[in-house]
Amino acid sequence: MTEQKITAAPENKDAIVSLLFQLADDDFLYSFRGSEWLGLAPHIEEDVASSSISQDSMGHAAMYYQLLEELGLGNADALAHLRPANKRKNCTLVERPNGEGCYMEVPKYDWAYAVVRNYFYTVAKKIKIESLKNCSYDPLAQVAVKVNIELYYHLLHWKTWFVQLLSSTEEAKQRMQGAIDQVMKDFGDVFSLGTDGENIVGLGLIEDENVLLQRWIDQMQTVFESINLSIPDIPSAPALNGRNFEHTEDLDSAIATLSEVYRLDTAAAW
Amino acid sequence: MQMVLNSLEKTVLEVLEEVHDPEINTVSIIDLGMVEEVSVHGGVVDIKILPTFLGCPALELIKENIKKAVQSIEEVQEVKVEFINHPPWTSDRISEKGRKGLKAFGIAPPPRLMDSDGSWHVDCPFCGSTYVTMDNIFGPTACRSILYCKNCKNPFEAMKPISTLM
């Protein structure tokens, strides 16, 4: 892109802030759901790997919250922990629970769902990050370069699981297919930029959501073909659009859990 | 980094040679290539640091250790430490001394080159054998992978290659 660079001047700020909240809340919830798997992954090496990915992703969310703090939106930790669900802009997919039960009691988490969600989300994130490397707002473009490097390993990891399980036993294939159907139902707002979309794209912060979505489809096409599957449909009008603050009750309970310790003493130094 | 250094800047850089990675005490933040800029204005020292991995929990600890170390210099009145994202830290910033330090700790230094398919190879830091297998590309910290040497039968870790070409 050859667009000019922009500053966080008042006429640009709303769009920058909106996009940053989308990116921050996405990675924050994604890494929270990932961290709930700690100690429960199929084997110990996977426990190390997926918690490392969650840690990286939490670092990415922290960078976006930090940029919001620098724009005067408040303390980064408070932005992550204290905002209620109706102020959040994450997509529906990342707020869904890992399965039935709770890790404190009897978790019946679904590894197939984790693999599909994480892989599809990571491919989408990679496509957005590639576009954000040319973001007209420099601080975000610089963070995108850093995030992109770390994503390389995440993508490799989830792609390996995805392809291997879908090339495995009949049971594995069936469960993976079930997970794909479930994930795709929630995929309608992953690339959405919400009601601020026109402004966000107009300022050259990121490319149009339809362009990004088409890239996702093109890339996944190759992967699906390699395992003799056809690419599933993406809902064009999502039931809920998280970018416009529309969420399920699962987000309320996730926020209550993840912020419990922070709320005990908001002045504590970490 | 600036080429012309005044004497206080030199002293600060010397002190930073003693600020180690909190988890790998054989390498300093200078060896790791994390120090991008040191500038001195009067008694105020500004230090710009490149984070290795964004989610690395050691970053705050490193920041505090830098402050403590630099404040111990007599002429220094104030130390400001800032993390910056540009340029991005890459594993080729690790110096020759840093690569030796990693090896001394039992961590294979990051490979300088990757194959065209994105795969990479390191040798065992203990016996130097090339007969190694990758156990887990992810390791106990964000920047490390877990490998196993089939020659000397030791598990070991390697620094992940990190490059903007990825």
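Modeller: Gladly! The C-alpha centres of domain 1 and domain 2 of chain B lie 29 Å apart. This is a predicted model, in which local features need pLDDT of at least 70 and side-chain atom pairs count only at pLDDT 80 or more, while totals for chains, interfaces and linings use all residues. Residues are numbered from 1 along each chain as its sequence is written, and chains are lettered from A and ligands numbered from 1 in the order in which they are written.

Biologist: How do you know where the domains of chain B lie?

Modeller: Their bounds come from an automatic or database domain assignment. For chain B, that gives 7-83 as domain 1 and 107-159 as domain 2. Six residues of domain 1 of chain B are in contact with four residues of domain 2 of chain B, where contact means that the C-beta atoms, placed from the backbone, lie within 7 Å. On the domain 1 side, three of these residues are nonpolar, two polar and one charged. Here Ala, Val, Leu, Ile, Met, Phe, Trp, Tyr, Cys and Pro count as nonpolar, Asp, Glu, Lys and Arg as charged, and the others, Gly among them, as polar.

Biologist: How many helices and strands are there in chain B?

Modeller: Three helices and nine strands. Both are DSSP runs numbered from the N terminus: helices are H or I with at least four residues, strands are E with at least two. Along the sequence the pattern reads α-β-β-β-β-α-β-α-β-β-β-β.

Biologist: What makes β3(B) and β4(B) a pair of strands?

Modeller: Two strands pair if DSSP finds at least two bridges between them. Strand β3 (residues 35-41) of chain B is joined to β4(B) by six bridges, so the two pair, and they run antiparallel. One bridge sets V35(B) against I49(B) in β4(B). Their hairpin has two residues between the strands, and G42(B) takes a positive phi near 65° there. On to strand β5 (residues 78-83) of chain B: six bridges join β4(B) to β5(B), and these two run parallel. K48(B) stands opposite E82(B) in β5(B).

Biologist: Which residues of β4(B) are on the covered face, and which on the uncovered one?

Modeller: V45(B), I47(B) and I49(B) form the covered face of β4(B) (residues 44-49), while V44(B), D46(B) and K48(B) form the uncovered one. In a regular strand, side chains alternate between the two faces of the sheet.

Biologist: Which strands are at the edges of the open sheet of chain B?

Modeller: The order in this sheet of four strands is β6-β9-β8-β7 (chain B), with mixed pairing. The edge strands are β6 (107-108) and β7 (132-136) of chain B, each pairing on one side only. Four bridges join β7(B) to β8 (residues 144-149) of chain B, and the two run antiparallel. T133(B) has Y148(B) of β8(B) as its bridge partner.

Biologist: Why is E157(B) called buried?

Modeller: A residue is buried if 20 or more other C-beta atoms lie within 10 Å of its own, exposed if 12 or fewer do, and partly exposed in between, with C-beta atoms placed from the backbone. E157(B) has 23, so it is buried. E157(B) sits in strand β9 (residues 155-159) of chain B. Beyond four places in sequence, its contacts are I107(B), G139(B), R144(B), S145(B) and I146(B). Across chain B, 36% of the 166 residues count as buried.

Biologist: What makes α2(A) roughly antiparallel to α6(A)?

Modeller: The axes of helix α2 (residues 44-70) and helix α6 (residues 138-166) of chain A come within 11 Å and cross at roughly 170°. Angles under 35 degrees count as roughly parallel, over 145 as roughly antiparallel, 65 to 115 as roughly perpendicular and the rest as oblique. The crossing therefore makes α2(A) roughly antiparallel to α6(A). By class, the residues of this contact are eight nonpolar, three polar and two charged.

Technical notes. Contact = placed C-beta atoms within 7 Å. Axes fitted to C-alpha atoms, helices over the stretch in contact; angles between N-to-C directions.
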